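Keep the 3D view open as you read.

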Amino acid sequence: MKAEVEILYPGLFSTIQDFGRRGFQKYGVPLSGVMDRIALKTANLILQNQADAAVMEITQMGPKLKFSAATKIAISGAYLSPKLNDTEIDNNEVVKIHEGDILSFGRPEYGMRSYLAILDGFKTEKVLGSRSWYEDITSHEKLEKGMKLQYEASEEEKYVTHAAIKFDDEYLKSEEIEVFPGPEFEKLPETLKSHLRQSKFSVDKNNNRMAIQLSEVLENQLGPIITGPVLPGTVQLTPGGKLIVLMRDCQTTGGYPRVLQLSEKGINIMAQKKAGDMVRFLLKS
Amino acid sequence: MGERGILIEFEPEISERLLEKLLFYKNKLEELYTEVNVEIINTYNSLLISYMFSIENLYDEVSAVKELLSEAKIGKINNRQIFRLPVCYDEEFGWDLELIAEEKNLSKEEIIKLHTRPFYTVYFTGFLPGFLYLGGLDEKLQISRKNQPRMKIEKGAVGIGENQTGIYPKSSPGGWQILGNCPVQLFNKNNDPPCEISAGDKVKFYSVSKAELKEISAQVSEGNFQLKKENYEG
């Protein structure tokens, strides 16, 4: 049976995401997809969904949602004090939803982005192989008041395990970002290399799904490169000496030197950082 | 590049010879990877093989790629096409025509002539969905970007930035000098493939009047504009 989530209040910035859009980088289409894949996998695992079922990615100030029919949900990632009707609920557990239930969020406690999974995933439009929202590719780019998102209602008791799976949320608080040397790393002077290894960097307020800028200014003598490929997790060094960590919605090519490349885990940890948080690069080779 | 990508870099130059080589290897790699979920893109002097998930055995992957790249005989790329794109160089769209004319000591007619003459080479698509990186701009038209980028450049705007020329596939902020508008939709998410023009193809601009632009725009929005194209024998 078709059912919908109605957006009563959109919150700060929420989108529908899955693992992203594959096969279209050659047309300049970003990969997109959830910023934090660990949380996506966890929330879907709890509901025994397909690993890539579409979820809602919620940034800091969550929305207020009304469900039109029974289902089950699970929330993972950042803890944004979720409430079902008037009762506080926890992250990482199955929550039963009845017709007319209202889900809202309160104070952001830790982490940057929270993930709301629903039984069988959100059934919003699929464009170029993915349900991930991206400007001009999908019809929507963020939640708006009054919007209605489709899902499959499930009256019958689908068996969902309540076996105690231990979820490790420690990564949400980690400051250590695992990185590999980027293509232009070797061109950096030794002092800058060791600076990248040893210093702490703070997350700038200039951060979104495309890129997260770091506040510190480095002494940079590297000029631009011939425009080349970039990926989520590529760290660029601008002519002005700022480090920019490219994230899931990043462009497919870029002209700034690529000094570091985050590991998958590093990207997931970075996705949970907010302005003012500190990070340290752990260089692997 | 990290756990999900293998970056292959060639000599740092922008040339058709290198593009031929890249596209040849790209085809070869695509044949090698038919069984695996990877995506390969090229830029001016790089190929990036990106994996959906982490690479399991990097050593094996890299040696397979190296073996393939050791093949010395580069074949010609087939199926290259020339696309003829209409551009209206009227002052209504050519916001910076006057500035270019003044700085380069050219008349507007000369600018249009110089801009429509070359067969531009499509090196790759990047920056925005459907944005073509074109090579072959006449030196006389090379001009630096605006010091202060404009907040909004119209969809279809045709611009110049240093030695590059290109078309904004959607309205966005930008620093290029704008000389006209191309009403053709270069990226359409409902088409398969969403972008008809690809790396290795050629683009040639032709000048149209405001009336013609209007007509073409109407055809584009009704979905019955036929892009002029022909095969290209390099």
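Domain bounds here come from an automatic or database domain assignment. The model itself is predicted. For chain A, that assignment gives domain 1, spanning 2-170, and domain 2, spanning 174-283. Taken over C-alpha atoms, the centres of domain 1 of chain A and domain 2 of chain A are separated by 28 Å.

How do the two domains meet? On one side, 18 residues of domain 1 of chain A are in contact with 14 residues of domain 2 of chain A. On the domain 1 side of that meeting place, at least two residues each come from α1 (37-46), β5 (71-79) and β10 (110-118) of chain A. Of the elements there, β10(A) gives the most, with three residues. Sorted by class, this side of domain 1 of chain A has seven nonpolar, seven polar and four charged residues.

Is Met35(A) buried or exposed? A residue counts as buried if 20 or more other C-beta atoms lie within 10 Å of its own. Met35(A) has 27 C-beta neighbours inside 10 Å, so Met35(A) counts as buried. Leaving aside neighbours within four places in sequence, its contacts are Glu57(A), Arg113(A), Arg209(A), Met247(A), Arg248(A) and Ala271(A). Take Arg209(A) from that list: Met35(A) and Arg209(A) are 174 residues apart along the chain, yet their C-alpha atoms are separated by 7.1 Å.

Next, the nonpolar interior. In soluble globular proteins, nonpolar side chains tend to be buried together. In this model the largest nonpolar core has 127 residues. The residues with the most contacts inside that core are Ala43(A), Val55(A), Tyr115(A), Leu116(A), Ala117(A) and Val245(A). If you select Ala43(A) and set aside residues up to four places away in sequence, you will find that Ala43(A) touches Val55(A), Ala74(A), Ile75(A), Ser76(A), Tyr115(A) and Ala117(A).

Now turn to the second chain. Between the chains, 33 residues of chain B are in contact with 28 residues of chain A. The elements giving two or more residues to the chain B side are β1 (5-9), β2 (38-42) and β3 (46-51) of chain B. By class, that side has 17 nonpolar, ten polar and six charged residues.

How are these strands arranged? They form an open sheet of three strands in the order β1-β3-β2 (chain B), with antiparallel pairing. β1 and β2 of chain B stand at the edges with a single partner strand each, so one side of each is left without a neighbour in the sheet. From one strand to the next, the twist averages 15°. The antiparallel pair β1(B) and β3(B) is joined over five bridges, and Ile8(B) has Leu47(B) in β3(B) as its bridge partner. Helix α1 (residues 16-32) of chain B packs on the sheet and touches β2 and β3 of chain B, and its direction makes about 175° with that of β2(B).

Our last stop is another strand pair in chain B. Strands β5 (residues 120-125) and β6 (residues 132-135) of chain B run antiparallel and are joined by four bridges. Thr125(B) stands opposite Leu132(B) in β6(B). β5(B) and β6(B) form a hairpin with six residues between them, and in the turn Phe127(B) has a positive phi of about 70°.

How values were computed:
Residues are numbered from 1 along each chain as its sequence is written. Chains are lettered from A and ligands numbered from 1 in the order in which they are written. This is a predicted model: local features need pLDDT of at least 70, side-chain atom pairs count only at pLDDT 80 or more; totals for chains, interfaces and linings use all residues. Two residues are in contact if their C-beta atoms, placed from the backbone, lie within 7 Å. Ala, Val, Leu, Ile, Met, Phe, Trp, Tyr, Cys and Pro count as nonpolar, Asp, Glu, Lys and Arg as charged, and the others, Gly among them, as polar. Two strands pair if DSSP finds at least two bridges between them. Axes are lines fitted to C-alpha atoms, for helices over the stretch in contact, and angles run from 0 to 180 degrees between N-to-C directions. A nonpolar core is a set of buried Ala, Val, Leu, Ile, Met, Phe, Trp, Tyr and Cys residues joined through C-beta atoms within 7 Å. A residue is buried if 20 or more other C-beta atoms lie within 10 Å of its own, exposed if 12 or fewer, and partly exposed in between; C-beta atoms are placed from the backbone.
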